[in-house]
Amino acid sequence: MDPESLHTARLRLDRFTDGDRALLARLAHDPAVMRYIGEGTPWPAERIDAVAAHLLAHWAEHGFGWRVARRRENAEAIGLITLGYAGEGSGVGADEHEIGWWLAPSAWGQGLAREGAAAVRNEAFSRVQAPGVVARISPANAASLAVATAIGLRREADSVGRFGEPIAVARLSAGDWRR
């Protein structure tokens, strides 16, 4: 399987590259997108640059990572579908494979987060050979909790994220995915 792009019925999920910093910045500056991520506020430019550098290094080191979600019909970049190691202080094991989804508000309510997250979940279990995937979601984010449930993750526990924010931890094991 080519790790560069994944395809679904409506999306092409491309490997995050240096040219995608502008998309990350657009999403990270949008208060509606960021209200349930971390501290719940838009990110400054320095943080965006640091995260983009981390995403590029993660791909280089591990051969998987965040993907840019593009509409197949016109290649419009509408968001990010994420796969990576959760990392220290995340509220779950640092070495756990974490998935997530950040979509522009114009793409909300169309099932695109579910479609993209299912493709990345499948990549995690098939190509990456992850033993499980976890999603860390604000308990107030009903839409993201519904996406996690729709792709087979089950809310397992509550925890605290890097900035002291409450998170719901949803998880799916490779064994349950295969069943």
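Which exposed residues does the face of H3 turned away from its buried side carry? The views below, taken from a predicted model, begin with this helix and then turn to the strands.

View 1. The exposed residues Glu46, Ala60 and Glu61 sit on the face of H3 that is turned away from its buried side. The buried residues of this helix are Ile48, Val51, Ala52, Leu55, His58 and Trp59.

**View 2. Helix H3 from end to end.** Helix H3 comprises the 18 residues 45-62, which at 1.5 Å a residue should span 26 Å, and this agrees with its end C-alpha atoms, which are 26 Å apart. Just after H3 comes Gly63, whose phi is positive, at about 80°.

**View 3. Strand S3 and its covered faces.** Strand S3 is mostly covered, with five of its five residues buried. Arg67, Ala69 and Arg71 lie on one side of the strand, while Val68 and Arg70 lie on the other, and both faces are covered.

**View 4. The partners of strand S3.** Strands S2 and S3 run antiparallel and are joined by five bridges, and Arg15 stands opposite Arg67 in S3. S3 also pairs with S4 in the antiparallel sense, here over four bridges. In this second pairing Arg67 stands opposite Ile81 in S4, and Ala69 stands opposite Gly79 in S4. Five residues lie between the strands in the hairpin of S3 and S4, where Ala75 takes a positive phi near 65°.

**View 5. The sheet as a whole.** Eight strands form an open sheet with mixed pairing, in the order S1-S2-S3-S4-S5-S6-S8-S7. Strand S1 (5-7) and strand S7 (154-160) stand at the edges, and each has a single partner strand, so one side of each is left without a neighbour in the sheet. From one strand to the next, the twist averages 25°.

**View 6. Two helices lying across the sheet.** Helix H3 lies across S2, S3 and S4, and its direction makes an angle of about 55° with S4. Helix H4 (residues 112-126) lies across S1, S2, S3, S4, strand S5 (97-103), strand S6 (132-137) and strand S8 (166-173), and runs at about 30° to S4.

Key. Residues numbered from 1 in each chain as written. Predicted model: local features only at pLDDT ≥ 70, side-chain atom pairs only at ≥ 80, totals over all residues. Heavy atoms only, no water. Expected span 1.5 Å × (residues − 1). Buried < 20%, exposed > 50% of the residue type's maximum accessible area, 1.4 Å probe, protein only. Pairing = 2+ DSSP bridges. Axes fitted to C-alpha atoms, helices over the stretch in contact; angles between N-to-C directions. Contact = heavy atoms within 4.5 Å.
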